[in-house]
Amino acid sequence: MTHPPYLSPGYRSTVLRAPSLPPVEMKADPEAAELTSPVFGPTEIGPLDADLTAGRPGEPIGERIIVTGRIVDSGGRPVPGTLVEIWQANAAGRYAHQLDRHPAPLDPNFSGAGRCLTDDEGRYRFVTIKPGAYPWRNHHNAWRPAHIHFSVFGTAFTERLVTQMYFPGDPLFPYDPIFCSVPGQEARDRLVAAFDLDVTEPEWALGYRFDVVLGHTPMEDR
């Protein structure tokens, strides 16, 4: 597994967020947090939760896409029944969130967030809109490449991986300190989805494939 450093000065928020002290060892029962955390069950997922364009009065603005892939463990084995959540900006580069002040239009026919459970083979599938780039004030003339945020849960909220999926050929890659904070080109390439014609549905949506490999966290090495 490749992990970006907690402190990456080019990404200004990490200067405040990165831990400056070693982790505190828990003296209490380490399983207590697992037993008391909220857990999602299959009944919590609605039939339209994986379609960010559904349940609205009109058609969303932008390029409809299908994003699919597999969640596997470090040995390549599928991880079935795990909760996958995504959230993203719309085609104009604006999030449906009250704190987003980007002066781009909101899309009333696009939810901006979705979730699903993986099947027995670890597969997930979302229908969404290709997000737009947006300014983020990290530095002069800073723009984020188009991306989709992914959250993958284990059996409890304390077991969670958060990452981002990017799109092939984005010209903003060399200028984005978040993307560039990941060490090594090979590791950065794993954050970029692959266009997949087999996933593409004719005259309706382009298809992208993005697999997620779950492994240990850096703190487990300490």
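## An exposed leucine

L197 counts as exposed, because its relative accessibility is 62% and the cut-off for exposed is over 50%. The model is predicted. L197 sits in the loop between β9 (194–195) and β10 (206–209).

## The nonpolar cores

In soluble globular proteins, nonpolar side chains tend to be buried together. Here, the largest nonpolar core has 23 residues. Y124, F126, I148, F150 and M165 touch the most other members. Four strands each supply at least two residues of this core: β1 (64–73), β2 (83–87), β4 (123–129) and β7 (147–153). A second, separate core holds 13 residues, including Y95, Y134, A187 and L191.

What does Y124 touch, leaving aside residues up to four places away in sequence? Its contacts are V67, T68, G69, R70, I71, V84, C116, T118, F150 and F210.

## The annotated span

UniProt lists residues 67–95 as "domain: Intradiol ring-cleavage dioxygenases", in an unreviewed entry. The span is 41% strand and 0% helix. Its end C-alpha atoms lie 19 Å apart.

## A glycine in a loop

G46 is found in the loop between α2 (32–36) and β1.

G46 and R115 are 69 residues apart along the chain. Their C-alpha atoms are separated by 8.8 Å.

Conventions. Residues numbered from 1 in each chain as written. Predicted model: local features only at pLDDT ≥ 70, side-chain atom pairs only at ≥ 80, totals over all residues. Heavy atoms only, no water. Buried < 20%, exposed > 50% of the residue type's maximum accessible area, 1.4 Å probe, protein only. Core = buried A, V, L, I, M, F, W, Y, C linked by side-chain atoms within 4.5 Å. Contact = heavy atoms within 4.5 Å. UniProt positions renumbered as here; feature names shortened; annotations may be inferred.
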